[in-house]
Amino acid sequence: MDRKLFGQAMTKFFSGMILMGVLLFVPAGTLHWKQAWLLMGILFIPMFAAGLIMMKKDPELLRKRLDAREEQAEQKTVIALSGMMFLAAFLLAGLNVRFRWMILPAWVSFAASALFLLGYVLYGEVLRENRYLSRTVEVQEGQKVIDTGLYGIVRHPMYLSTLILFLAMPLVLGSVPSFAVMLVYIPIIALRIRNEEKVLEEGLDGYGEYRKRVRWKVIPFLW
């Protein structure tokens with residue numbers, strides 16, 4: 001086992017969990033918030049399991065997923081906007097609980113949890129199909145166009161999975177204001193995809209032909 005990689009992964013995992021807990025529970029003013037504990041459970045337990053699996057079977061893929069250092073100026077903007085979106089959405093969710101603005105019924109949280117887990121399954125399948133995936137926009141040495149499985153349906157199935165995950169989060173929390181904020185993710189990924197496809201078409205052999213062959217970017221028959 002790569003101890004350095006393991007330490008990096010655990011540091012990011014626990015720091016992310018603590019940060020999310022602070023962003024949710026401090027503005028809520030209480031730890032007695034079942035929906036927040038539910039979200040943290042369905043988010044971090046599968047994440048921990050997936051990390052252990054990648055550590056054992058494909059540590060290089062885990063290393064790529066942990067690396068978020070973008071070189072593209074446009075992608076740095078995307079990351080900054082995404083960070084502000086999450087910050088606003090989680091703070092609003094906590095304040096929504098504290099002040100009882102617009103609380104959705106419990107069944108919405110459970111239905112959204114099922115949708116969230118479906119997004120996680122989709123995310124795992126994308127990782128299985130494409131080991132070139134990294135968190136940064138780049139063309140890697142030896143990279144090839146993946147055009148089978150989910151990539152034969154849409155060009156960016158990873159963004160489809162994250163769209164499901166991110167839009168489900170505020171619904172798990174029962175927060176209408178947070179859901180409105182998370183809708184900003186749609187133009188954010190549109191901006192990222194525009195830059196990403198430019199980089200891939202310029203640097204990855206066969207991507208132009210793949211782009212013509214697979215029409216849909218994220219959602220079949222819609223986008």
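**View 1. Salt bridges of the predicted model.** The structure, a predicted model, holds five salt bridges, each being a side-chain nitrogen of Lys or Arg within 4 Å of a carboxyl oxygen of Asp or Glu. Side chains of opposite charge can pair when their charged atoms come close. Residues are numbered from 1 along each chain as its sequence is written, and side-chain values use heavy atoms, with hydrogens and water left out. Local features need pLDDT of at least 70 and side-chain atom pairs count only at pLDDT 80 or more, while totals for chains, interfaces and linings use all residues.

**View 2. The pair R213 and D147.** The side chains of R213 and D147 form a salt bridge, 3.0 Å from N to O. R213 belongs to helix α9 (residues 207–213) and D147 to the loop between α5 and α6, so the pair ties together parts 66 residues apart in sequence. Helices are DSSP runs (H or I, at least four residues), numbered from the N terminus. R213 is exposed, at 52% relative accessibility, and D147 is partly exposed, at 36%. Here buried means under 20% relative accessible area, exposed over 50%, and partly exposed in between (1.4 Å probe, protein chains only).

**View 3. A salt-bridge network around E197.** R155, E197, E201 and R211 are linked in a network of salt bridges. R155 is buried, with a relative accessible area of 6%, and E197 is buried at 2%, whereas R211 is partly exposed at 33%.

View 4. H156 lies in the loop between α5 (106–129) and α6 (157–172). Its relative accessibility is 4%, so H156 counts as buried. Leaving aside neighbours within four places in sequence, H156 is in contact (heavy atoms within 4.5 Å) with I193, E196, E197, Y207, K217 and V218.

**View 5. The largest nonpolar core.** This core has 59 residues, and those with the most contacts inside it are L24, W33, L39, F90, F116, M169 and L173. Helix α6 gives the most to this core, with 10 residues. A nonpolar core is a set of buried Ala, Val, Leu, Ile, Met, Phe, Trp, Tyr and Cys residues joined through side-chain atoms within 4.5 Å. Not counting residues up to four places away in sequence, L173 touches L24, W33, Q35, A36, L39, F90 and A93.

**View 6. Helix α3 and its packing.** In helix α3 (residues 59–66), the residues L61, L62, K64, R65 and L66 are buried. The buried residues of this helix pack against α1, α2, α5 and α6.

**View 7. A nonpolar patch on the surface.** F14, I18, V22, V26, F48 and L52 form this patch, with about 530 Å² of accessible area together. Helices α1 (3–28) and α2 (34–57) each supply at least two of its residues, and the largest share, four residues, comes from α1. L52 is found in helix α2 and is partly exposed, at 38% relative accessibility. Patches are made of residues with over 30% relative accessible area and no salt bridge, with like charges joined within 9 Å and nonpolar side chains (Val, Leu, Ile, Met, Phe, Trp, Tyr) within 5 Å. Accessible areas come from the Shrake-Rupley method with a 1.4 Å probe, and for residues only the protein chains shown count as cover.
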